[in-house]
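Open the model in your viewer and keep the selection tool ready. This tour goes stop by stop.

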Amino acid sequence: MLNYLSRRLPDFPWDTLADVTVLARSHPGGMVDLSVGTPVDDTPAFIRAALEGASNAPGYPTVWGSDALHEAVIGYLRRRWGAPELNHRHITTAIGTKEVVGWLPTLLGLGPGDLVVFPSLAYPTYEVGAIMVGAKTLRADTPAEVTGKPALIWINSPANPHGAVLGVDEMRAWVAFARETGAILASDECYGEFGWDAEPVSVLDTRVNDGDLTGLLDVFSASKRSNLAGYRAGFLAGDPVLVQELVALRKHLGMMVSAPVQAALAAALGDQRHVDAQRAIYQRRRSVMAAALTGVGFRVEASQGGLYLWATRDEHGRQSVAWLAERGILTAPGDFYGPTGTSFIRVAMTETDERIDAGAARLA
C-alpha cells in the first residue's frame, strides 16, 4: 500500500537539485541558498519568552486552541484583515499550514469523483493533497478557466512561487464562483503580510465576502510573518459549520498544536511591530537581489508580494539554475510549480543579509 501511494506522488522537487547543490556548495565563498523559503532570522525574543512561560504543560492541549489564542486570532483578523464579527466557532489551530494544504482533501472526504482546483503555478502540496485521495485536479487562475464542478478550490495570494497579488474584484469573483458551484474556497494567505507592489487582501475581508463566510476557509501561518517555521504554528478561520466539522475530525486524529506553541502564536499575533521590522529586512534583500539579477540579464515578473523573485532569461529554468550554481547561488527551477513555469526560476529572500550581499557581489 505504501509503495502504491508513493508511486502515485510526484518526486519530491528538491531531491532533483542534488547535482546543482553540490556545484553551488563547491564555490570558494560557500553556497548562497536561495532555493527554499525557510526563514533564517531570529524568532523575536518576546515570542520565545511566551513559549518558555507556557512550557509547564502537563495536560493535553485542545485541538481547537486555547481561549487566549482564539482571542488573539479574532483580534488580529479583524484589526489587520477586515474580517467580520467572529467567535470561537470560526477558529481552529493548524500544525503549520502545510499540514492543512496536504490533508484538507482527506479531511473533507474527497475522492476519485471530486475535482480540486489550484493555480496554474502553485505550491506542489496542493496537487499532492488531491493525489492522496485520488481526486481529479485542474490548474486555473480565473473562474472562467474552470471546467467541471469543483469540490475544493485553492487560491493563494500573494502567490508562491511568483508573488502575484489578487485584488478585491478577483477575490470576489472566486467567492461568487465557489458559491455558484457549491465548492469550498480555501485561501492560503501565509505570505499576506508581505505585499510590495500591491496590497494583499484576505478572503475574510467583508469587501470580498459581504460579511458572509459560508464555504470559505482562511489558511494562515505565522512561519513567515514571525519567523516561526520551526514552531509549526498556524490556524484556520472561516465558515463556522465547516470549521467545526474539521475540529471534530481533527480531534479523532490528534491534530493538536502544543500548548506552548499556542501561547507563542497568541503573543505573535498581538504584535505588529516585529512584522513591520521583518518586512523592512525582506524589502532590502529583495531590492539588492532584484538589481543583481536584472544586471545579468534576468527579467523579474509578477513578484508583487511574498518572499520570492520570479525571474527569467527566456531560457529553460534548469539552465538558469545551473548557471547560478556555478557562481555558488542555489535557486529553484520554475518547473517545480507547474508546466507554465519552465522558463523561470524562483529566488527566495530567505538568506541572511551577508549571504544576499555575497550573492549579489558574485553577479556584479
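Predicted model: local features only at pLDDT ≥ 70, side-chain atom pairs only at ≥ 80, totals over all residues.

Across the whole structure, a search finds 12 aromatic pairs. One of them joins W310 and Y337.

Now colour by secondary structure. W310 sits in strand β10, residues 308-312. Y337 sits in the loop between β12 (332-333) and β13 (344-348). The pair links distant parts of the chain, 27 residues apart. Are these two residues buried or exposed? Both W310 and Y337 are buried.

## Charges over rings

Next, select R80 and W81. The charged end of R80 sits over the W81 ring, 4.2 Å from its centre.

Then move to R327 and W323. Here R327 lies over the face of W323, and the distance to the ring centre is 3.7 Å.

## A stop in helix α13

Select A360. Helix α13, residues 353-363, holds this residue. Why does A360 count as buried? Its relative accessibility is 13%, and buried means under 20%.

Which residues does A360 touch, leaving aside neighbours within four places in sequence? Show V288, M289 and A292: A360 is in contact with each of them. Finish with a distance label from A360 to V288. C-alpha to C-alpha, they are 6.9 Å apart in space, yet 72 residues apart in sequence.

How values were computed: Residues numbered from 1 in each chain as written. Heavy atoms only, no water. Helix = DSSP H or I, 4+ residues; strand = E, 2+ residues; numbered from the N terminus. Buried < 20%, exposed > 50% of the residue type's maximum accessible area, 1.4 Å probe, protein only. Contact = heavy atoms within 4.5 Å. Phe/Tyr/Trp six-rings, centres within 6.5 Å; stacked < 30°, edge-to-face > 60°. Lys NZ or Arg CZ within 6 Å of the ring centre and 35° of its normal.
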